[in-house]
Amino acid sequence: MTEPRSWSPRPAVVGVAWALAAAALLTALLSAEPTTRLLLGTATAFLAALAAYGTFLRPKLAVDDTGLTVRTVTGPRHLPWHEVKVKLAHTRRLGREMTTLELDWERGEDEQLYVLTITDLGADPRDVADVLHALRP
């Protein structure tokens, strides 16, 4: 079995975000209370933005022989293998340890850090890092 060469948010998670956005919108429209409408309208906008992010930025990370391609809101960015360092970062937040995949890109004076979480990748960042290290020429 070949390992995946691209990673995206899980479709089920994106679907739940769209469903929650629709439910919040419907509840806001049916509510008579102005404060409830405002709060649910804000929740609807937030959930719809998250769902759109997961829907339209697919795949979030793709790999080929020439390097990595990361999709962001400003467009896809191709990172050649020789210009990118792949590493894992472990942080502790709210009592939980979180692992993220860091792609540190540098070309001359330009540099960029891409931080991808388990939600962005739809897989454990440790597993993705192992695949990237194995595929790196």
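1. A contact here means heavy atoms within 4.5 Å. On that basis, among contacts in the chain between residues at least 6 apart in sequence, 48% join residues at least 24 apart.

2. This is a predicted model, in which local features need pLDDT of at least 70 and side-chain atom pairs count only at pLDDT 80 or more, while totals for chains, interfaces and linings use all residues. Residues are numbered from 1 along each chain as its sequence is written, and side-chain values use heavy atoms, with hydrogens and water left out.

3. The chain has 4 helices and 7 strands, where helices (H or I, at least four residues) and strands (E, at least two) are DSSP runs numbered from the N terminus. Along the sequence their order is β-α-α-β-β-β-β-β-β-α-α. The radius of gyration, taken over C-alpha atoms, is 18 Å, well over the 14 Å that the globule rule (2.2 Å times the number of residues to the power 0.38) gives for 137 residues, so the chain is more spread out than a compact globule. The C-alpha trace spans about 60 × 35 × 30 Å along its principal axes.

4. Of the 137 residues, 34% count as buried, meaning under 20% relative accessible area with a 1.4 Å probe, protein chains only.

5. Alanine 129 lies in helix H4 (residues 125-135) and is buried, with a relative accessible area of 3%. Leaving aside residues up to four places away in sequence, alanine 129 touches Leu88 and Leu101. Alanine 129 and leucine 88 are 41 residues apart in sequence, and their C-alpha atoms are 7.3 Å apart in space.

Definitions and conventions
Buried means under 20% relative accessible area, exposed over 50%, partly exposed in between (1.4 Å probe, protein chains only).
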